[in-house]
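Please look over the sequence and the model first.

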Amino acid sequence: MSKPRFRWHIVVFLAPAVLIYTAVMIFPLFNTLRLALYSKIDQERIFVGLANFYTLFGDPHWADQFWNALGNNFWFFLIHMLVQNPIGIILAAILSHPRLRFAAFYRSAIFIPTILSFVIVGFAWKLILSPIWGIAPSMLDAIGLKSLYAPWLGKEDYALTTLALISVWQFVGIPMMLIYAALLSIPDEILEAGEIDGITGISAFWKIKLPLILPSIGIISILTFVGNFNAFDLIYAAQGALAGPDFSTDILGTFMYRTFFGFQLQLGDPYLGSAIASAMFAIILVGVCIYLFGIQTRMRRYQL
Amino acid sequence: MNKARSNPLNKVAMHGALILYTLIALFPVFVILINSFKNRKAIFREPLAVPNADTFSMIGYETVMKQGDFFLYFQNSMIVTVVSLTLILLFGAMAAFALSEYRFRGNLIMGLYLALGIMIPIRIGTVAILEMMVATGLVNTLTALILVYTAQGLPLAVFILSEFMRQVSDDLKNAGRIDGLSEYTIFFRLVLPLVRPAMATVAVFNMIPIWNDLWFPLILAPAEETKTLTLGSQVFIGQFVTDWNAVLSALSMAILPVLILYVIFSRQLIRGITSGAVK
């Protein structure tokens, strides 16, 4: 028997995807990590080792901004975990109820904000919360809570939380859909078996459904984590590159953009920008690893 | 039927909760849309009223049409989205076929290599991407955006499509081989039509993030001729902050195409998400 011919068609099938993916995604990713070790001195690119990282973590001016952005980013993530995902799960639990009327309508309507761009969402909420237009204060007035109103997006203490809640409003459809899908895949026999044992309604949710959808909740958590730690668009659309007021809404994405491109009088520094990107890469990698090795492998999966 | 599962009080509570959340979800969109058709006075006096004969005005839309080149922006967004989606689907399906159909050395490694990009956002590499686009002269071209979005969409596309292609029956493909069809014909004529539902899922997954992206248009193609609709409306609104009619109209014009596409494709989109494609 002769040696099998080289199967060129495999190469032809793989080549376009692998080439584009490697050239536009993987190569720039590692190149960015490499650029973080360089700097421009006298119009020349010079290898400076970890100097950019010393600046980023050591120089008070930069370190303050970095830790501020990182802390804000964690708060942003926390709000998503505590508000977006529970609301998504509750909505999905209600929607998956058998013979609920109009379920398809509710599902489609609640998903609408998710399809809108950050620019639309950012500006629409900015207008609605604006003290000039007065929709938010007059609506609060109608239910007698006018004293609670403040120009939230303009106050340092509230702006970040407000933006995080706007982002929650926008993306609640995603956990809702994924959990909904997971709930639908639970066989009726299991629920009926529970019913025979007297487990129904809310307790059926806690005791039967929730353990079964834990893997989906894990996936949603890691998707939220990755999404939040490279977020940028909403903050930029609503507050601009300076992430005002006084950097109180600055997160890693906007910080990297400002550093990389410069703003006002500060010149852009792609190398320092690469260093921030590397830090973001490390954070996301740690998060994904914790999920893959710490959570996913230990989670009990039930064969359905 | 069990009592707890059909309790009428429960039903009212469930519908109440869903209606409340639906209102929260739709209210901002509704307010923007109705106010874009009102004159300036009515926008401020009665922000929650539907436009009537007295308050109806298209002045905002006229400003937008005069000042911004929204048709060009729309066209750019269309080109970028459609071409990127086509490339993602074609190249993604080809790679998925190679990985799921043939056994060759490095198959597993190649699969893992392509899957890396599912979790790691392409934005991390922005600095080097910009440098590369400057070096190749692709800055401020739609090609730059198309390349980036294609690379961004491929990992998940390959992953989902290869899952589906494993389910295509071997007998069918082998029958084709006995009839003397080439591997290419088998892929394009036999396999592709069978995974069409999975292709639709991949398409709707990628469509929204590409259409709505602000980061890459801002960095790679901010020139007037290559602005996408998302970037175009961002810049326009930034310039017309005080002209409320124009801002509201620009927002509505950015909402409407997406909303119309959503109404057409929502069933497909929701079926795609709930079909368990993301496991």
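Predicted model: local features only at pLDDT ≥ 70, side-chain atom pairs only at ≥ 80, totals over all residues.

Residues are numbered from 1 along each chain as its sequence is written, and chains are lettered from A and ligands numbered from 1 in the order in which they are written.

**Chain A and chain B**

- In chain A, 64 residues are in contact with 68 residues of chain B; contact means that the C-beta atoms of two residues, placed from the backbone, lie within 7 Å.
- Among the elements giving two or more residues to the side of chain A that touches chain B are helix 1 (8–35), helix 3 (60–95) and helix 13 (270–296) of chain A; helices are DSSP runs (H or I, at least four residues), numbered from the N terminus.
- Helix 1 of chain A gives the most to this side, with 16 residues.
- The side of chain A that touches chain B has 48 nonpolar, 12 polar and 4 charged residues. Ala, Val, Leu, Ile, Met, Phe, Trp, Tyr, Cys and Pro count as nonpolar, Asp, Glu, Lys and Arg as charged, and the others, Gly among them, as polar.

**Domains of chain B**

- Chain B is assigned domain 1 (8–57) and domain 2 (67–274), with bounds from an automatic or database domain assignment.
- The C-alpha centres of domain 1 and domain 2 of chain B lie 33 Å apart.
- Contacts link 7 residues of domain 1 of chain B with 7 residues of domain 2 of chain B.
- On the side of domain 1 of chain B that touches domain 2 of chain B, helix 1 of chain B gives the most, with 5 residues.
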